[in-house]
Amino acid sequence: MPHIKELYGRTGKTVESVIRVKGDTIVIVISGERFKVGLDTYLNHYFYQGKELTSKEYNTFLEEVKNEKDYKYLSKLLLKGTVSEKEAFFKLLKRKVEPHQASILLKKAKDAGLIDDDSVLTNLVDDYLYRGLGNRGIKEKLKLEHNFENDKLTEIDLPTEQERVEKLFPNVLKKYQNENYEIKKRKITDFFLRHGYSESSVKGLVESIPYDKKKERTLLKEELRRYLSKKGHPKEIKEYYKLTDYFLRKGYKLTMIREEINDEQKD
C-alpha cells in the first residue's frame with residue numbers, strides 16, 4: 001500500500017462504538033463508518049467509545065483494515081488448492097497491494113501452512129487430465145495461467161498421450177459424424193490440437209477413418225441442393241467454376257462434385 005503521510009493533528013473522526021459480535025470479530029464504528037475487524041487488529045489500537053483520533057491513528061488503522069481484508073482474500077484463494085504462490089502474488093497486485101506488502105502477506109500464509117505448490121501442481125494436473133487435455137495443453141495452462149516456472153514443469157510425470165487419445169477418439173468421431181470425410185478429419189485433428197495434444201498422437205487414428213463413398217455422396221447431394229436453393233443454378237461457366245471450387249474447399253472429390261452438379265442440372 002502506498003506510504004501514508006503521517007499527520008498528528010485531529011481528523012474530526014471519533015470512535016462511536018466498539019462491539020464484539022462473534023468470536024474474534026469486532027465491529028468498530030468511527031464517525032458513522034462501520035469496520036468489521038479481527039481481534040488482532042483491534043488489540044493493535046487503543047480504541048474506546050468517544051475517543052477522538054489523530055490522522056496517524058486513523059490512517060494506520062485504515063491500513064491495517066486493508067491488510068486484514070487482503071489476507072482474508074489470500075487465505076480464501078489458497079484454500080482452493082489450485083492457486084500457486086506466484087499466481088497468488090500477481091492476484092494480490094491486481095488488488096492494488098504493493099509488491100512488498102504482497103510478499104509479507106504470502107510469508108504469513110506460508111507460515112500458516114497455506115502454501116504448498118507441490119500439492120497445487122498435483123491437483124491441477126489431475127484436473128486437466130480428467131478434463132481431457134493433452135500434455136502440451138496441460139503445461140501451457142500451468143505456465144500461463146498458474147505461473148509455474150519451466151524447471152517445475154519438467155518435473156511433471158505425465159502419462160503418454162496415445163492411450164488417452166484412443167479413449168477420447170470415439171466420442172470426438174461421433175461429434176463430427178455428420179461432416180464430410182475431409183472436414184471430419186480436419187475438425188477432429190483441430191479438436192485434439194486445441195486441447196493440447198500433439199499432431200503425431202492423433203494422426204494415425206484420423207487417417208484410419210474409413211471413407212464411405214455412399215455417405216459422402218448423400219452429404220454432397222444435400223449440401224448442393226441447399227446451395228442451389230439459395231444461389232440458383234449456374235448459368236455461366238464462371239458460376240460453374242465458383243460452385244465447383246466451393247465444394248472442393250469443403251473437401252469433396254472433384255469427380256463426385258461434377259457428377260452431382262450434372263444430375264441436378266438434369267433435374
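Leu-106 is found in helix H4 of this predicted model. With a relative accessibility of 5%, Leu-106 counts as buried, because the cut-off for that class is under 20% relative accessible area. Leu-106 and Phe-89 are separated by 17 residues in sequence, and their C-alpha atoms lie 7.4 Å apart in space.

Helix H4 covers residues 99–111 and also carries Lys-110, which is linked to Glu-85 in helix H3, 25 residues away in the chain. The link is a salt bridge, in which the closest N and O atoms are 3.2 Å apart. The pair thus connects distant parts of the chain. How exposed are the two partners, Lys-110 and Glu-85? Lys-110 counts as partly exposed at 42% relative accessibility, and Glu-85 is partly exposed as well, with a relative accessible area of 24%.

Leu-79 sits in the loop that runs between helix H2 (55–78) and helix H3 (85–94). Is this leucine, Leu-79, buried or exposed? Its relative accessibility is 62%, so Leu-79 counts as exposed; the class begins over 50%. Between Leu-79 and Lys-108 there are 14 Å in space, C-alpha to C-alpha, and the two are 29 residues apart in sequence.

Lys-66 pairs with Asp-70, and the closest N and O atoms are 2.7 Å apart. Why can these two residues be described in terms of the helical turn? Lys-66 and Asp-70 are 4 residues apart in helix H2, so about one helical turn separates them. Side chains of opposite charge can pair when their charged atoms come close.

In total the structure holds 22 salt bridges. Another of them joins the side chains of Glu-260 and Arg-217, with an N to O distance of 2.7 Å. Glu-260 belongs to helix H13 (residues 254–266) and Arg-217 to helix H11, so that the bridge spans 43 residues of sequence and links distant parts of the chain. Glu-260 counts as buried, at 1% relative accessibility, while Arg-217, at 22%, counts as partly exposed. The pair is part of a network: salt bridges with shared partners join Arg-217, Lys-221, Glu-259 and Glu-260.

Helix H11 (residues 213–231) also takes part in a surface feature, as it supplies the largest share of a positive patch, 3 residues. The patch is formed by Arg-226, Lys-230, Lys-231 and Lys-242. Where does Lys-242 lie? Lys-242 is found in helix H12, which comprises residues 237–249. It has a relative accessible area of 59% and is therefore exposed.

E2 and E3 pair in the antiparallel sense over 6 bridges. Within this pairing, Ile-28 stands opposite Phe-35 in E3. The two strands form a hairpin with 2 residues between them. Most residues other than glycine have a negative phi. Ser-31 is partly exposed, with a relative accessible area of 32%.

A second residue with a positive phi is Asn-147, which is not a glycine and has a value of about 60°. Asn-147 has a relative accessible area of 22% and is partly exposed. The class applies here because the value lies between the under 20% limit for buried and the over 50% limit for exposed.

Note on methods: Residues are numbered from 1 along each chain as its sequence is written. This is a predicted model: local features need pLDDT of at least 70, side-chain atom pairs count only at pLDDT 80 or more; totals for chains, interfaces and linings use all residues. Side-chain values use heavy atoms; hydrogens and water are left out. Patches are made of residues with over 30% relative accessible area and no salt bridge: like charges are joined within 9 Å, nonpolar side chains (Val, Leu, Ile, Met, Phe, Trp, Tyr) within 5 Å. Accessible areas come from the Shrake-Rupley method with a 1.4 Å probe; for residues, only the protein chains shown count as cover. A salt bridge is a side-chain nitrogen of Lys or Arg within 4 Å of a carboxyl oxygen of Asp or Glu. Lys and Arg count as positive and Asp and Glu as negative; His and the chain ends are not counted. The place of a charge is taken as NZ of Lys, CZ of Arg, CG of Asp or CD of Glu. Buried means under 20% relative accessible area, exposed over 50%, partly exposed in between (1.4 Å probe, protein chains only). Two strands pair if DSSP finds at least two bridges between them.
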